[in-house]
Amino acid sequence: MAAAHLPTTEFDQTDLDGSLEAAAEMAQGEPEAPMVQLLDAEGRRREDPTFGPYATDLDGEALKAFYRDMASVRRFDQEATALQRQGELALWVQLTGQEAAQIGSGRATAPQDYIFPTYREHGVALTRGVDMSELLKLFRGVANGGWDPTATNFHLYTLVLAAQVPHAVGYAMGIQRDQKMDAALAPAATVAYFGDGASSEGDVHESMVFAASYKAPVVFFCQNNHWAISVPFEVQSRIPLSNRAQGYGFPGIRVDGNDVIAVHAVTKWALERARAGEGPVLIEAFTYRLGAHTTADDPTKYRHSAEEDAWRAKDPLLRLEKYLRSEGLADDAFFAEVAEEGKQLAAYVRKATLEMANPDIRSAFANVYAQAHPLVEEETAWFEKYEAGFTDAEGENA
Ligand SMILES: Cc1ncc(C[n+]2csc(CCOP(=O)(O)OP(=O)(O)O)c2C)c(N)n1
Ligand SMILES: [Mg+2]
């Protein structure tokens, strides 16, 4: 049989039939599926009968605080990128473009909720009160984690795609059981962050089945930033990701991920539901990764600049700025003050990074198991001997 007759293992765009056009639209950022939006790309407020009421408590001060958060984390992202370019970090994972999805959702969480991030959730970390310099320890290679997750209920970054999603469901099921034992505990939920690419992992499927069966208090928060490194979203799903929730038996909502007000409202609704025992929700935040996948990636190799330009026009910071200015809620002085705060944050994280102490290399062995283990002891001894081979006459490590 000629090779041409064998089924191809390549992803075949022509196989999409009618959805090809829809996929093209989605790549340009005009979703064919309904999407919750409370602030459009021009900075105008929109009505929404279901989620609008979840945004009525957002006054001028609250919206300015959202802007401040989004601007701070964007400035932080720029500084971390510069640090990597200068050789001070091994790698950096940029979040630019996703600020509204992260600040809007993070600010909807309560202190008792527990957050399970990927590796890109710097904005959520900011909302949880993590010291932003600590996020850089992993990327400088001086820590396996970098911060104490129990201090802010913000778990360590997970680089193995989707591995944190079953953790979030398991933790949520633990919350359920704790509450059965102690009714005085404050209602709580977990949030599992993951990407459009990670949505294809079996872990996400298993997690959703468990969460649905047990009505676990978990919010699945998928940032559909349209790319999984160089693989476009259309390869991950032939339907809007939010539609998948129906198959598991819980609500799925697609929200404009560049609209901080809508993201906040939808996440608040989902968390309140989850804490009240009504089960999980899948939120698909429709957004875009404006930068590279990481500082080790070059997106010009696989996507057109026209697509980036189309999304730049939907910038989450710009649209909130337009709204704040048009409503007379913020003026030049406010934006200058925010820029100054960003500079201070950047200077702080730079100084902290350069001052990070190198860890004792043996500490890597110390945390393999909770108790001593003969194999770990053997490997530590081998490594100590190996390291000693570099010691000079003064006993200093050369
Ligand atoms: C289990 C696993 N497979 C592959 C990788 C390599 N990898 C790292 S990031 C990434 C793409 C993830 O895309 P997405 O889930 O959309 O998240 P994004 O990076 O866009 O935020 C891949 C394939 C990994 N880290 N873990
Ligand atoms: Mg992605």
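Q: Which residues point each way from β2, and are they buried or exposed?
A: This is a predicted model, so everything here is computed from it. In a regular strand the side chains alternate between the two faces of the sheet. In β2, all the residues on both sides are buried: T190, A192 and F194 point one way, and the other way point V191, Y193 and G195.

Q: How many of the residues of β2 are buried?
A: A residue counts as buried when 20 or more other C-beta atoms lie within 10 Å of its own. β2 is largely enclosed by the rest of the structure, because the buried ones number six of the six.

Q: Which strand pairs with β2 over six bridges?
A: β2 has parallel pairings to look at here. With strand β1 (residues 114-116) it pairs in the parallel sense over three bridges, and Y114 has T190 as its bridge partner in β2. The parallel pairing over six bridges joins β2 (residues 190-195) to β3.

Q: How many residues of β3 are buried?
A: Take the faces one at a time. V218, F220, C222 and N224 are buried on one side, and V219, F221 and Q223 are buried on the other. For strand β3 (residues 218-224), that makes it mostly covered, with a buried count of seven of its seven.

Q: Which residue in β7 stands opposite V255?
A: Strand β6 (residues 252-256) has five of its five residues buried. G252, R254 and D256 lie on one side, with I253 and V255 on the other. β6 pairs with strand β7 (residues 281-286) in the parallel sense over five bridges, and opposite V255 stands A285.

Q: Is V160 buried or exposed?
A: V160 sits in the loop between α6 (149-152) and α7 (164-181). V160 has 11, so it is exposed.

Q: How does R46 count, with its 14 C-beta neighbours inside 10 Å?
A: R46 is in the loop between α1 (19-27) and α2 (60-85). Beyond four places in sequence, R46 is in contact with Q37, L38, L39 and D40. Because it has 14 C-beta neighbours inside 10 Å, R46 counts as partly exposed.

Q: Which residues come nearest to ligand 1?
A: The shell around ligand 1 has seven nonpolar, four polar and three charged residues. Of the 14 residues around it, the nearest are L161, G195, G197, A198 and A228.

Q: How far apart are the C-alpha centres of domain 1 and domain 2?
A: Domain 1 covers 25-41 + 49-295 + 305-354, and domain 2 covers 360-398. Their C-alpha centres are separated by 39 Å.

Note on methods
Residues numbered from 1 in each chain as written. Chains lettered and ligands numbered in written order. Predicted model: local features only at pLDDT ≥ 70, side-chain atom pairs only at ≥ 80, totals over all residues. Near = placed C-beta within 6 Å. Nonpolar A, V, L, I, M, F, W, Y, C, P; charged D, E, K, R; others polar. Domains from an automatic or database assignment. Buried ≥ 20, exposed ≤ 12 C-beta atoms within 10 Å, placed from the backbone. Helix = DSSP H or I, 4+ residues; strand = E, 2+ residues; numbered from the N terminus. Pairing = 2+ DSSP bridges. Contact = placed C-beta atoms within 7 Å.
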